[in-house]
Amino acid sequence: MKKIINVRTLFLFAVMLMLALVVACSSDDGGNEDSGSDKSVNTAEGGNGEISGDLEIQYFVGGYGDSWWKEVIGDFKEKYPDVNVIEHAGPNINDEMRSRWVSNDPPDVVYIDGAGSSETQMVEDGQLMNLTDWVQDIELDNGDKLVDSFIVEPGKFDGEIYSLPLVFDTWGTWYDKAWFEEEGFKVPSDFDSFMSSMQEIKKEADIEPFVTSGQHPYYFLRGMLYPAFGAAGGDELLADLITGKEGAWTSDVVLETMKKVEKMQKEGMFDEGLGALNHTQSQMNFLLHENAFIPVGFWLPNEMANDIPDGLEFGFIPSPMQDKGEPFAIVPDLRPLAIAENAENPEAAKAFVEFAFTRDYAMSFSEHTGAIMNITGVDLTKNENVPSYLTEANAMINDPEQVQIYEKPHPMSADLETPIGNALMSLMLGNMSAEEFVQEAEKAAADYRK
Amino acid sequence: MGYRAFPLLHVPYRSFLKGKSDGMVQSKKQKYTFLAFCLIPTFIMFAIFTLYPLFSGLYYSFFDWSGSSQNKDFIGIDNYIKLFNDAIIPGTIIHDYFLVATKVIGIMVMALFIAVALTQLKIKEAPFYRIVFFFPNIMSVVVIGILWTFIYNPSLGLINSGLEFIGLESWARPWLGSETWALPSLVLPSIWAGIGLFMLMLMGGIANVSKSYYEAAEIDGANEWQQFWKVTLPLIWPQIKISVLYIVITTLNGSFIIVQVMTGGGPNNSTHVMGSYLYQQAFVQFNFGYGATIGVMILIFSLLTVLILQFFMRRDKVEY
């Protein structure tokens with residue numbers, strides 16, 4: 001009998017011991033990681049300017065794919081063989097790495113893009129290194145200063161730079177060039193011709209011509225409304241709207257723009273079912289000619305590469321929301337590269353950021369992704385590997401007669417964008433008037449300012 | 001309540017234990033060791049995975065925290081004040097209880113109907129139907145959600161094409177894309193996904209009802225319908241009660257998934273439930289502290305609902 005008790009007690013102790021071990025191990029892991037990183041910092045510093053140790057890079061993989069990153073990181077490893085590059089990449093990487101940021105153990109370099117990431121939030125939380133002084137010294141291969149070679153300058157928070165815009169993307173309106181030529185549909189050049197083109201398509205092809213993602217109303221906000229606001233009121237209006245300045249959303253120019261959206265709705269231009277579509281479904285609709293126009297960024301062809309029907313030819317115009325006689329407007333959307341404030345290997349991080357910003361990589365970026373890197377003086381026209389919509393769009397963007405570039409101060413905070421997007425969806429479904437929308441938006445801005 | 005049967009069991013069970021301890025001499029120490037062996041690991045797990053998250057959720061609800069950094073500011077009950085002034089919150093509560101009510105009624109009626117049919121009507125293919133109806137339960141809710149978004153697709157979907165096929169074009173509409181119809185459209189997949197499990201539970205209950213009651217009822221001249229109301233329903237009340245409670249709890253805590261997959265809370269918040277709004281605040285708008293506050297609200301609502309239901313569904317156990 002006694003023996004049985006002993007066996008039982010032993011078993012109990014074994015279980016307890018295992019539990020204790022599990023708990024101990026998990027805390028041990030954290031400890032190891034910390035000491036390991038301390039070492040890497042030491043080596044980086046101890047090497048007297050020598051770049052070595054672990055370098056952790058977090059990058060989101062979305063519509064642009066990851067082939068460009070693999071190339072750059074591969075080259076970087078060759079140049080700095082002592083650096084051990086650890087990649088954290090994928091479509092959900094922002095969520096996966098969140099616990100690392102929360103526990104103050106961030107990666108060294110971060111490319112801020114995709115769902116679950118917010119540059120504004122990261123700056124407000126003090127997670128990004130202030131690069132204002134350091135960036136002044138960076139030069140490109142031919143001696144040009146990097147700060148003078150950005151297409152769009154880095155976003156500033158209270159005058160300080162916390163990130164360097166790597167990808168120059170812009171939203172615009174896509175159409176199927178081949179289909180339009182075949183059917184004789186007109187490519188719009190301003191809002192009036194946009195409406196008449198859509199009326200024609202509605203009649204001829206018997207479809208609702210315009211689609212966007214209703215689950216993510218910011219596609220319409222950023223893709224159609226930002227350019228419309230830029231064309232109507234310039235940088236100043238954009239800044240006022242994005243920062244939620246009092247009276248900005250109820251101003252006359254905004255109401256006039258929203259009247260255009262109301263007009264599109266009243267004339268039945270919006271896909272009836274768009275309220276429930278996520279971005280892939282809306283893009284699929286577009287590819288299948290269920291609709292003719294869709295506002296998306298440059299990543300559309302790359303993102304849908306596996307689903308493009310034969311014969312479809314991507315055409316891109318800046319969203320035609322401006323009045324007759326005005327140039328098109330675009331509002332660039334920048335995807336920045338930044339260094340963590342608490343990077344464990346800041347020297348290697350700086351070396352990597354400096355390494356990535358070159359004209360050669362800008363060229364290969366366009367080849368790999370079909371988008372543009374935020375550096376001037378890259379001639380895409382002579383490169384056959386760059387898709388034609390990009391060279392055409394690039395030429396258009398560089399012609400101020402045709403296209404005006406407006407800049408927003410920083411991305412809109414999700415706290416303002418979400419309620420505005422909700423009201424916008426209601427307007428687009430015909431459940432709200434333009435007047436009601438601007439009141440709702442003004443209310444959201446008032447809440448945001450609190 | 002179903003405790004009346006317990007004393008009956010109690011006496012033989014105790015004498016069985018007594019007999020055992022008489023014969024095998026179970027020391028107190030041995031008993032406690034065994035109890036500790038059973039309870040301590042469970043309690044530790046419970047503490048780590050239930051109590052700790054519960055209290056940390058409560059704790060974070062007093063902070064202004066983005067959920068993605070180390071900085072957090074203690075702001076007292078500000079999040080709760082915000083909760084009471086948030087115009088979207090009442091809608092989310094109403095949507096949640098709309099789903100609770102429609103799901104409870106829909107699932108219970110359908111599951112009961114099918115369970116009675118499969119047990120009482122002596123259908124030869126009963127095992128086949130049992131498997132078919134249970135099938136949705138082994139599918140992930142995410143898969144179900146995606147499947148039904150295709151069914152609801154306004155241009156390619158089964159529902160609109162079906163309506164057109166039978167000549168009811170005017171009934172076709174963009175189900176999930178309409179502020180009016182999106183929420184009711186979520187009810188159908190939720191019911192479809194829920195029937196199987198409760199059908200099995202109720203079938204188990206019905207199978208335990210002795211055939212002699214039905215024979216007696218039949219001799220007394222009761223028709224099938226009366227047999228159902230007077231014999232079946234009272235005798236499977238414990239199963240019904242548990243099923244209802246289970247549907248209520250899983251809906252309040254889990255309707256988030258189907259909303260998130262099918263509509264994301266839109267259009268214009270018309271399908272947001274408490275859980276999906278929590279997710280949006282915590283992980284899309286980076287207001288983790290406020291999200292935790294919504295979590296506390298969900299907990300309170302779930303507890304209150306279950307208590308109230310327990311009270312109203314109280315019924316003496318029927319024995320014939």
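**Entry 1: a helix in chain B**

I started with helix α13 of chain B and listed its buried residues: B:Phe288, B:Gly289, B:Tyr290, B:Gly291, B:Ala292, B:Thr293, B:Ile294, B:Gly295, B:Met297 and B:Ile298. A reminder to myself before going on: this is a predicted model. I counted a residue as buried when 20 or more other C-beta atoms lie within 10 Å of its own.

Next I asked what the buried residues of α13(B) pack against. I found α2 (28-60), β1 (63-65), α3 (78-85), α11 (237-262) and α12 (274-284), which belong to chain B.

I also looked up the length of α13(B). The helix covers residues 288-312, 25 residues in total. From first C-alpha to last I get 36 Å, close to the 36 Å expected at 1.5 Å a residue.

**Entry 2: chain A in outline**

I turned to chain A and noted 16 helices and 13 strands. Chain A has 450 residues, and 46% of them count as buried. I then took the contacts in chain A between residues at least 6 apart in sequence, and 75% of these join residues at least 24 apart.

**Entry 3: the sheet around β1(A)**

I traced an open sheet of six strands in chain A, with mixed pairing and the order β2-β1-β3-β11-β6-β12. Which strands stand at the edges? I see β2 (83-90) and β12 (372-373) of chain A there, each with a single partner strand, so one side of each has no neighbour in the sheet.

β1(A) held my attention for a while. Eight of its eight residues are buried, so I wrote it down as mostly covered. On one pairing, β1(A) meets β2(A) in the parallel sense over eight bridges. I picked out A:Glu56, whose bridge partner in β2(A) is A:Ile86.

**Entry 4: two domains in chain A**

The domain assignment gives domain 1 of chain A as 52-168 + 335-373 and domain 2 as 172-330 + 392-449. I find their C-alpha centres 29 Å apart. How many residues are in contact across the two domains? I get 14 residues of domain 1 of chain A against twelve of domain 2 of chain A. On the side of domain 1 that touches domain 2, I sorted the residues by class: five nonpolar, eight polar and one charged.

**Entry 5: where chain A meets chain B**

Last, I looked up the interface between the chains, where 33 residues of chain A are in contact with 29 residues of chain B. On the chain A side, α1 (2-46), α4 (98-102) and α15 (414-428) each supply at least two residues. Which element gives the most to that side? I have α15(A) down for the most, with seven residues. By class, I count twelve nonpolar, 15 polar and six charged residues on the side of chain A that touches chain B.

How values were computed
Residues are numbered from 1 along each chain as its sequence is written. Chains are lettered from A and ligands numbered from 1 in the order in which they are written. This is a predicted model: local features need pLDDT of at least 70, side-chain atom pairs count only at pLDDT 80 or more; totals for chains, interfaces and linings use all residues. Domain bounds come from an automatic or database domain assignment. Two residues are in contact if their C-beta atoms, placed from the backbone, lie within 7 Å. Ala, Val, Leu, Ile, Met, Phe, Trp, Tyr, Cys and Pro count as nonpolar, Asp, Glu, Lys and Arg as charged, and the others, Gly among them, as polar. Helices (H or I, at least four residues) and strands (E, at least two) are DSSP runs, numbered from the N terminus. Two strands pair if DSSP finds at least two bridges between them. The expected span of a helix is 1.5 Å times one less than its number of residues. A residue is buried if 20 or more other C-beta atoms lie within 10 Å of its own, exposed if 12 or fewer, and partly exposed in between; C-beta atoms are placed from the backbone.
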